[in-house]
Amino acid sequence: MTEKGWRLTESQWENWLDGLIDDGNRLVAPAASGTARLEFREIARAAEIGASGKKTSISAKEFLFPRTEILFSYRFTGESVELSRRPVAEESQVLVGLRPCDAAATRRLDEVFIQDGADLTYAERRSRTVIVSEACTEAFPNCFCNAVGGSPDSREGADLILTRLAGTDSLLLEVITPEGGGIVGEASLSWSPISPEDVSLAKRQAAEVVAAMGREQLPPEAPEILGRSFDLESWERVASGCIGCGVCTYACPTCSCFDIVDTGSASCGSRCRSWDSCAFAGFTRHASGHNPRPTQAARYRQRVMHKFSYFPLEHGGEPMCVGCGRCIDLCPAGVDIHRAVLSLIEDSRLAAARQEAAP
């Protein structure tokens, strides 16, 4: 249960968001881009927010983990070297309109960069970020959050959650964390309290979205089963369409791989971090030319195993995939990671049964 919540009108919602901007917060939300697609970007007023209920082609990951950024610079001063970290913007940012799957993805990134990695640049940016997610009111063709432990109204990773009540012009705004309650402030004094009937209606809406997904849930033992699939010939089949373009990893809200490039001269230079992809042939290629993942099937296996076996086995069974479906939406070859995982689980089970039956 949430601590508290309110029923708002659209104008009250927009006025509150505009107030956050006026108070000096950076507001990021889904808005139309130059290509007419709905993308996350910084907005100047709430009226810029695009049509509600739609899924953006790319997540808001880059506002916590930028596509490319300078980590630090250096310069020689006589006999010594001066290092300077690039400062993280001091303003607070509010990410608005994230689908529950995207909000859940931020917690996976937290585990990689903070709990596991102690990345100071990421941690500073994350500490100044509040996330306002928006419950889904429809299922898109390739959504499968329910198959990996999520839901259309999941609270995971969010500080506040907005729900648009179907058939009405009302919105519910519910507090999930103290950080979320902290940015609501005095604006809530003019808002109507949420009612039990409102909560029940929101729950029914979420259940209808789940029913419309039609995707099979992964079994709880999926990480262990996949862990035994490493040497199966099935990997060649499920990865046969993969062309190694990397669009799946760039669209994915939880992929965290990056490359480091140092540039400079005899007097100064910098270190830059940029997104990378395990789908690329050069991702694991050694300076000698040897590549421990020499085929696209081996690279696709790494992506699947990391998300559905390696990571969950180290994090209490929690998959690294949140089921947003963007990798399926954007794959030019039609590769479907959810179907691939189900197929591999079945093949792994059959292989184990044959081994047990063998004399």
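Student: Which angle do α9 and α11 pack at, and how far apart are their axes?

Tutor: This is a predicted model. In it, helix α9 (residues 296–314) packs against helix α11 (residues 337–357) at about 85°. Their axes are 11 Å apart.

Student: What do you call α9 relative to α11, roughly?

Tutor: Roughly perpendicular. Angles of 65 to 115 degrees count that way.

Student: Which residues make the contact?

Tutor: From α9, Tyr-300, Arg-303, Val-304 and Phe-308. From α11, Ile-337, Ala-340, Val-341 and Leu-344.

Student: And how many of them are nonpolar, polar or charged?

Tutor: The contact of α9 with α11 has 7 nonpolar residues and 1 charged residue. It has no polar ones.

Student: OK, cores next. Which residues touch the most other members of the largest nonpolar core?

Tutor: That core has 26 residues. Phe-144, Leu-226, Tyr-300, Val-304, Phe-308, Ile-337 and Val-341 touch the most other members.

Student: Which elements give two or more residues to this core?

Tutor: They are α6 (222–227), α7 (234–238), α9, α10 (326–330) and α11.

Student: Take Val-341. What does Val-341 touch?

Tutor: Leu-218, Leu-226, Val-304 and Phe-308. That leaves out residues up to four places away in sequence.

Student: What about another core? How many residues has it?

Tutor: Another core, of 22 residues, lies apart from the largest one. Among its members are Val-96, Leu-160, Leu-162 and Val-175.

Student: Switching to strands. What is the strand order in the open sheet?

Tutor: The sheet has 8 strands, in the order β3-β2-β6-β7-β8-β9-β1-β10. The pairing is mixed.

Student: Which are the edge strands?

Tutor: β3 (38–43) and β10 (192–193). Each of them pairs on one side only.

Student: Which strands does helix α1 lie across?

Tutor: Helix α1 (residues 10–22) lies across β1, β2 (26–32), β3, β6 (93–98), β7 (129–134), β8 and β9. It runs at about 105° to β1.

Student: Now β9. Why is it largely enclosed by the rest of the structure?

Tutor: Because 6 of the 6 residues of β9 (residues 170–175) are buried.

Student: Which way do they point?

Tutor: Ser-170, Leu-172 and Glu-174 point one way, while Leu-171, Leu-173 and Val-175 point the other way. In a regular strand the side chains alternate between the two faces of the sheet.

Student: In which sense does β9 pair with β1, and over how many bridges?

Tutor: β1 (residues 5–9) and β9 are antiparallel, over 5 bridges. Leu-8 has Leu-171 as its bridge partner in β9.

Student: And β8 with β9? In which sense do they pair?

Tutor: β8 (residues 160–164) and β9 also pair antiparallel, over 5 bridges. Thr-163 stands opposite Leu-172 in β9. The two strands form a hairpin with 5 residues between them. In the turn, Gly-167 has a positive phi of about 80°.

Student: Last one: where is Ile-194?

Tutor: In the loop between β10 and α5 (196–213). Ile-194 is partly exposed, with a relative accessible area of 22%.

Student: How far apart are Ile-194 and Trp-6, in sequence and in space?

Tutor: They are 188 residues apart in sequence, and 4.4 Å apart in space, C-alpha to C-alpha. Ile-194 touches several residues, including Trp-6, Leu-172 and Glu-174.

Notes: Residues numbered from 1 in each chain as written. Predicted model: local features only at pLDDT ≥ 70, side-chain atom pairs only at ≥ 80, totals over all residues. Heavy atoms only, no water. Axes fitted to C-alpha atoms, helices over the stretch in contact; angles between N-to-C directions. Helix = DSSP H or I, 4+ residues; strand = E, 2+ residues; numbered from the N terminus. Parallel < 35°, antiparallel > 145°, perpendicular 65-115°, else oblique. Contact = heavy atoms within 4.5 Å. Nonpolar A, V, L, I, M, F, W, Y, C, P; charged D, E, K, R; others polar. Buried < 20%, exposed > 50% of the residue type's maximum accessible area, 1.4 Å probe, protein only. Pairing = 2+ DSSP bridges. Core = buried A, V, L, I, M, F, W, Y, C linked by side-chain atoms within 4.5 Å.
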